[in-house]
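I opened the model to look up a few loops, a helix pair and the nonpolar cores. My entries follow in the order in which I checked them.

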Amino acid sequence: MISYYLPSGSKIGVGYQVHALASELVRQGHQVDVFSNCPPVDGATYGHHHIPLSGSMRTFRFALALRKVDFSSYDVLHAHGDDYWLWRRRVPRHVRTLHGSCFEEALHIRGAREKLRMVALGFSEVLASLVADVTVAVSPDTLRWTPWVRGVIPNGVDTARFHPRPGLQSEVPSILFVGTWGGRKRGAELARIFSEQVRPAVPSAELWMVTQDAPADVGPGIKVLGRLSDDELAEAYAKAWVFCLPSSYEGFGVPYAEAMASGLPVVATPNVGARYVTRGGRDAALTELEDLALPLVDLLQNPARREDLQGRGIVRAGAFSLDFVAAEYVRLYRPVT
């Protein structure tokens with residue numbers, strides 16, 4: 001596998017997904033090596049090849065460095081990014097996963113320089129989709145920018161780790177957020193809405209934020225949990241009453257699926273990933289950012305509504321179980337004869 005990101009060196013979601021998929025494939029009996037700029041993940045069961053780089057433009061230089069790697073001993077090259085220079089066939093099967101669209105992200109990201117960077121990465125995704133033998137996207141709407149790509153394989157969730165745990169729920173009404181304070185995850189906006197609208201309506205409510213870039217003073221009732229291990233994150237899902245991630249853009253949105261698998265009602269804004277994971281809002285509450293407080297207060301105060309979305313979410317999350325996703329990729333790894 002190729003991935004610039006891994007959890008050992010980055011908080012980017014693609015790295016966590018690569019780590020989870022590689023681990024599951026090893027568990028199923030396959031040999032997997034991951035080529036990455038990040039160091040090895042502690043306890044990882046797959047092989048790791050470090051491609052060290054420093055300085056600026058590292059993601060683009062990582063792609064260039066991959067041209068010097070001899071992949072000929074492998075049966076499959078599965079790229080999760082940065083394979084656009086690998087246009088000459090180097091392995092029997094070259095698979096590419098589009099974990100979203102940088103063109104789509106460019107529409108939502110702030111700053112001219114970042115928009116330009118996203119557009120450049122978007123063109124690299126187009127080139128990569130033509131280089132690979134087969135390309136899949138993680139959600140149907142991601143195909144908007146590469147209409148010649150037909151396949152969709154969603155991101156996976158380890159349902160052995162993320163599942164309902166009756167009896168662990170917190171005594172106080174609680175909302176869980178997983179993401180960044182700034183940028184497209186909009187943690188700062190959620191904290192403002194919680195302080196101005198949710199907590200006045202539910203004075204005992206708490207907002208738990210799994211984030212690393214929050215300011216020191218976030219306001220009453222808001223707890224910053226920092227970075228959590230996988231087991232700590234699973235416990236946070238089990239304890240919270242409601243999950244909320246009001247991102248302006250997600251290609252898939254693994255936290256939505258993790259929350260649903262954990263039996264947690266989800267509140268989200270209608271981005272590409274949230275619409276897919278929640279079946280257009282049938283299995284969650286989708287609303288625009290300015291209306292976010294309404295479903296949050298309703299779910300904190302209405303046990304029947306929470307129970308309804310819990311049941312819907314658990315059923316929907318079954319479509320994203322990691323063993324199912326890994327099996328879909330194994331099927332794709334086999335060349336068509």
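I looked up Arg-279 and found it in the loop between helix H8 (272-277) and strand S12 (285-286). Helices (H or I, at least four residues) and strands (E, at least two) are DSSP runs, numbered from the N terminus. The phi of Arg-279 is near 55°, a positive value in a residue other than glycine. Arg-279 has a relative accessible area of 34% and is partly exposed, a class that lies between buried (under 20% relative accessible area) and exposed (over 50%), with a 1.4 Å probe and protein chains only.

For the record, this is a predicted model, in which local features need pLDDT of at least 70 and side-chain atom pairs count only at pLDDT 80 or more, while totals for chains, interfaces and linings use all residues. Residues are numbered from 1 along each chain as its sequence is written, and side-chain values use heavy atoms, with hydrogens and water left out.

I then turned to Met-57, in the loop between strand S2 (47-50) and helix H2 (58-66). The phi of Met-57 is also positive, near 55°. Met-57 counts as exposed because its relative accessibility is 54%.

Next came the loop between strand S10 (242-245) and helix H7 (254-261), where I found Glu-250. Is Glu-250 buried or exposed? Glu-250 is buried, at a relative accessible area of 5%. The side chain of Glu-250 makes a polar contact with the side chain of Lys-185 at 2.6 Å and another with that of Ser-247 at 2.8 Å. A polar contact is a pair of N or O atoms within 3.5 Å; within protein, one must be able to donate a hydrogen and the other to accept it, and residues adjacent in sequence count only if both atoms are side-chain atoms. Leaving aside neighbours within four places in sequence, the contacts of Glu-250 (heavy atoms within 4.5 Å) include Arg-184, Tyr-256 and Asn-271.

Ser-248 lies in the loop between S10 and H7 and counts as buried at 17% relative accessibility. Not counting residues up to four places away in sequence, I find Ser-248 touching His-108, Arg-184, Arg-186 and Asn-271.

I checked helix H6 (residues 230-239), where Leu-233, Ala-234, Ala-236, Tyr-237 and Ala-238 are buried. The buried residues of H6 pack against strand S7 (174-178), strand S8 (206-210), S10 and H7. Val-210, in strand S8, is buried at 10%. Val-210 and Leu-233 are 23 residues apart in sequence, with 8.3 Å between their C-alpha atoms.

Which residues have the most contacts inside the largest nonpolar core? In this core of 57 residues they are Ile-175, Leu-176, Val-198, Leu-207, Tyr-237, Phe-243 and Leu-296. H7 gives the most to this core, with six residues. I noted another core apart from it, of 22 residues, Val-134 and Val-330 among them. A nonpolar core is a set of buried Ala, Val, Leu, Ile, Met, Phe, Trp, Tyr and Cys residues joined through side-chain atoms within 4.5 Å.

Last, I looked at helix H1 (residues 13-27) and helix H11 (residues 322-333), whose axes come within 10 Å and cross at roughly 75°. Axes are lines fitted to C-alpha atoms, for helices over the stretch in contact, and angles run from 0 to 180 degrees between N-to-C directions. H1 and H11 are therefore roughly perpendicular to each other, the term for 65 to 115 degrees. Their contact includes Leu-21 and Leu-25 of H1 and Ala-326 and Tyr-329 of H11.

How values were computed: Angles under 35 degrees count as roughly parallel, over 145 as roughly antiparallel, 65 to 115 as roughly perpendicular and the rest as oblique.
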